[in-house]
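Look at the model below. Find the two chains first, then the place where they meet.

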Protein chains: 2
Amino acid sequence: MTAPDRFSFNQATAKYWPIPELVAGCVEAGVGQLGLWREETNAYGLDKTAELVRDAGLAVTSLCRGGFFNTPDWYDENRRAIDEAAVLGAPVLVLVSGGLPEGSRDLDAARAHVGEAIGALVPHARAAGVRLAIEPLHPMFCSDRCVVASLGQALDLAAPYPADVVGVVVDTYHLWWDDQVWAQIARAGREDRIACFQVADWITPLPEGVLLGRGLPGEGCVELRRFRDAVEAAGYTGPIEVEVFHAGLWARPGTEILARTLAGYLAHVD
Amino acid sequence: MTAPDRFSFNQATAKYWPIPELVAGCVEAGVGQLGLWREETNAYGLDKTAELVRDAGLAVTSLCRGGFFNTPDWYDENRRAIDEAAVLGAPVLVLVSGGLPEGSRDLDAARAHVGEAIGALVPHARAAGVRLAIEPLHPMFCSDRCVVASLGQALDLAAPYPADVVGVVVDTYHLWWDDQVWAQIARAGREDRIACFQVADWITPLPEGVLLGRGLPGEGCVELRRFRDAVEAAGYTGPIEVEVFHAGLWARPGTEILARTLAGYLAHVD
């Protein structure tokens, strides 16, 4: 069995699948590409993960995540994240900017700081051969997780920096509601900024805390194929990661999660 | 005791306060303006509510809500809502557009339908002397409650219609995350579209379903006074409604809710 070439399975979709089983499961399913997360790869061992993935012949499409520029040690932490991406062979480090600093209401200042912080990381990222990808999250995360809330804003933040070092993430879950998103995807293409394309579906009702309520492709209301067509029309031909956070899904066996993810991808994205 | 002239207490902030007590409580607190809701006014009696409010010398600043254009009877239902606003003396009917039709993923079509539906209501609204106010809700409500997700989009939808009949709502809770909001408020002023200004604060974590998690002014992270300054700079000198949905707040006595609302307004908006 072989999965479609461009499909990449983001590890977060099966958060509790141990890395050796995840790697074996992907090989078994003919999946050639993986998106990885720092927490899980560090818990298993960075070098061990890199070796396991390499020996299995899998490509790593992205590492999640750097960012959280509202924390005091953001500079060192993001340099470490860049180094880890390089060790894993991930071409892209996804940046989730972090929310407002504790007690602050100054959104403009927080956003300006994100832009400066990314600039400060550019030399290290370039030296490591890792592209930074600014991810706009859904506006419901603006206060506590990511002050970057639209694709247009992510592109504005990326603009001062070279496109081969700083790009953006297009994630259907976070952007589907935005009536400007099609124009901004076209702009992202013109500016050569699309570094990563992630797919999840929007379902309601949202759970408490709103983090773990995403749907597999086809379970919700997002025009996923329209997004795929739009990023392709914008010149993006890279991996298509499916990244779904859902508590109920996470409780299932990894092989089942991967099979359902692939089925949703084939029916609604491919 | 007299509350600030421009303050208006939206009934939804004390959802379970019976209307006679609400009216008496406002008079007692020196509050001269109220925002009302259809469900509650119809349950108590439309004419009875209108008489009670008028006899108490209170002004009605808005009626919530029309809209929900994704329901089959939207046309008749919205004409009724316009008539009710006229009976209550509410100069403004707030329109919450409704989400996607059941099973649909066609957001563009749903949005186009909203624009056409509003156009169909213009003659009746004009005849009744009621201004329709398109309310963009936070994008987290886009699929199931309101496909209008930004102020810019609301203004685009209003654009074909005369500004004295079709305006927009600026609600801090729904719009605070948007980096375009300041430019769009200025545009709303230039186009003379600001029909209603509502204030609530953004707090986290969001509760399940995300509807009942708003904060009183000052409890959250929104730059409320900046919003007030922005709508004033755009030429808006009308009422400032505080409208907060929060299950815990609703459980408190109405007099306490009103006192806390006023205190938050004085400290963070006035």
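Which residue does the side chain of A:Asp108 meet in a salt bridge? The partner is B:Arg226, with 2.9 Å from N to O. Keep in mind that this is a predicted model.

**How the chains are related**

Two copies of a chain are related by a rotation about an axis and a shift along it.

**The interface**

The size of an interface is often given as the accessible area lost when the parts come together. For chain B and chain A, this buried area is about 2700 Å². Carbon and sulfur atoms carry 54% of it. On the chain B side, B:Arg105, B:Trp177 and B:Asp179 lose the most area to chain A. Together they make up 23% of what that side buries.

The table collects the counts.

| Item, chain B with chain A | Value |
|---|---|
| Contact residues from chain B | 35 residues |
| Contact residues from chain A | 35 residues |
| Salt bridges across the interface | 2 salt bridges |
| Polar contacts | 14 residue pairs |

Which helices of chain B each supply at least two residues to the side that touches chain A? They are α5 (107-128) and α6 (151-158). The most comes from α5(B), with 3 residues. Sorted by class, this side of chain B has 14 nonpolar, 10 polar and 11 charged residues.

**A helix under cover**

Now turn to helix α6 of chain A, residues 151-158. How many of its 8 residues are buried? The count is 7, so the helix is largely enclosed by the rest of the structure. The buried ones are A:Leu151, A:Gly152, A:Gln153, A:Ala154, A:Leu155, A:Leu157 and A:Ala158.

What covers these buried residues of α6(A)? The cover includes three helices of chain A: α5 (107-128), α7 (172-175) and α8 (181-190). It also includes the strands β5 (131-134) and β6 (166-171) of chain A.

Note on methods:
Residues numbered from 1 in each chain as written. Chains lettered and ligands numbered in written order. Predicted model: local features only at pLDDT ≥ 70, side-chain atom pairs only at ≥ 80, totals over all residues. Heavy atoms only, no water. Buried < 20%, exposed > 50% of the residue type's maximum accessible area, 1.4 Å probe, protein only. Helix = DSSP H or I, 4+ residues; strand = E, 2+ residues; numbered from the N terminus. Contact = heavy atoms within 4.5 Å. Buried area = accessible area lost by both parts, 1.4 Å probe. Salt bridge = Lys/Arg side-chain N within 4 Å of Asp/Glu carboxyl O. Polar contact = N/O pair within 3.5 Å; in protein donor to acceptor, adjacent residues only side chain to side chain. Nonpolar A, V, L, I, M, F, W, Y, C, P; charged D, E, K, R; others polar.
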